Amino acid sequence: MPGIRETRRIPYSCEQMFDLVADVGRYDEFLPWVVAVRVRSDSDSEMIADLLVGFKAIREKFTSRVQKHRPDHINVHYIDGPLRDLDNSWDFRPLADGGCEVDFRVDFTFRNPVFEALAGQYFDRAFRRMVEAFETRAAQLYGAPPVSAAG
């Protein structure tokens, strides 16, 4: 199963980043290609949500189970949609300066191996754009990152 992993040091707390990532119902406000969201159920530990993802004339619905382990881990399991499999996880580790290290991993398998080979070339770029969208959203919600005294 192809996968991508990204680790970033973020100047926001684990709790802030956890809240941002766990707020799936607002993904259509800031994530590229997310056209609509429907949260079917939500509790402190688990959510079931549908995402309608679109690019040009293509629209696909993805249903996922989001397991929340506040404040250090979110695991997303694919339930239904156009892929064979799609799983991602977020790990939030506190840093001494009050920020956190965010480790994001996504693994995916397309139903069609030819499409997987073609789309895999673009998936990395799309993935990085999504990570940047989360960082931009954090700055909008929590303010500009503080400037360190050493910097």
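I looked up contact range: residues 24 or more positions apart account for 46% of the contacts in the protein with a separation of 6 or more. I took contact to mean heavy atoms within 4.5 Å. The model is predicted, so I note that local features need pLDDT of at least 70 and side-chain atom pairs pLDDT 80 or more, while totals for chains, interfaces and linings use all residues. Residues are numbered from 1 along each chain as its sequence is written, and side-chain values use heavy atoms, with hydrogens and water left out.

Fold. I count 2 helices and 7 strands, in the order β-α-β-β-β-β-β-β-α along the sequence. Both are DSSP runs numbered from the N terminus (helices H or I, at least four residues; strands E, at least two).

Surface. I find that 40% of the 151 residues count as buried, meaning under 20% relative accessible area, with exposed over 50% and partly exposed in between (1.4 Å probe, protein chains only). The accessible surface comes to about 8700 Å², and 52% of that belongs to carbon and sulfur atoms. Areas come from the Shrake-Rupley method with a 1.4 Å probe; for residues, only the protein chains shown count as cover.

Core. I looked for nonpolar cores, that is, sets of buried Ala, Val, Leu, Ile, Met, Phe, Trp, Tyr and Cys residues joined through side-chain atoms within 4.5 Å. The largest has 36 residues, and Met17, Tyr27, Ile74, Trp90, Phe92 and Phe134 have the most contacts inside it. Among the elements that each supply at least two of its residues are β1 (3–10), α1 (14–22), β7 (100–110) and α2 (113–142). Beyond four places in sequence, I see Tyr27 touching Leu20, Val21, Val34, Val37, Leu51 and Phe134.

Cavity. My search of the whole structure gave 1 cavity of 30 Å³ or more. A cavity is a set of points on a 1 Å grid over the protein atoms alone where a 1.4 Å probe fits but cannot get out; lining residues have an atom within 4 Å of a point. The largest cavity has a volume of about 80 Å³, volume being the space filled by probe spheres set on the points, which are joined across faces, edges and corners. Its lining includes Met17, Trp90 and Phe134. β1 gives the most to this lining, with 4 residues.

Ser13. I placed Ser13 in the loop between β1 and α1. Ser13 counts as buried because its relative accessible area is 18%. Leaving aside neighbours within four places in sequence, Ser13 is in contact with Gly98 and Cys100.

Methods. On a 1 Å grid over the protein atoms alone, a cavity is a set of points where a 1.4 Å probe fits but cannot get out, and a pocket is an open set with protein on both sides within 12 Å along at least five of seven lines; lining residues have an atom within 4 Å of a point.
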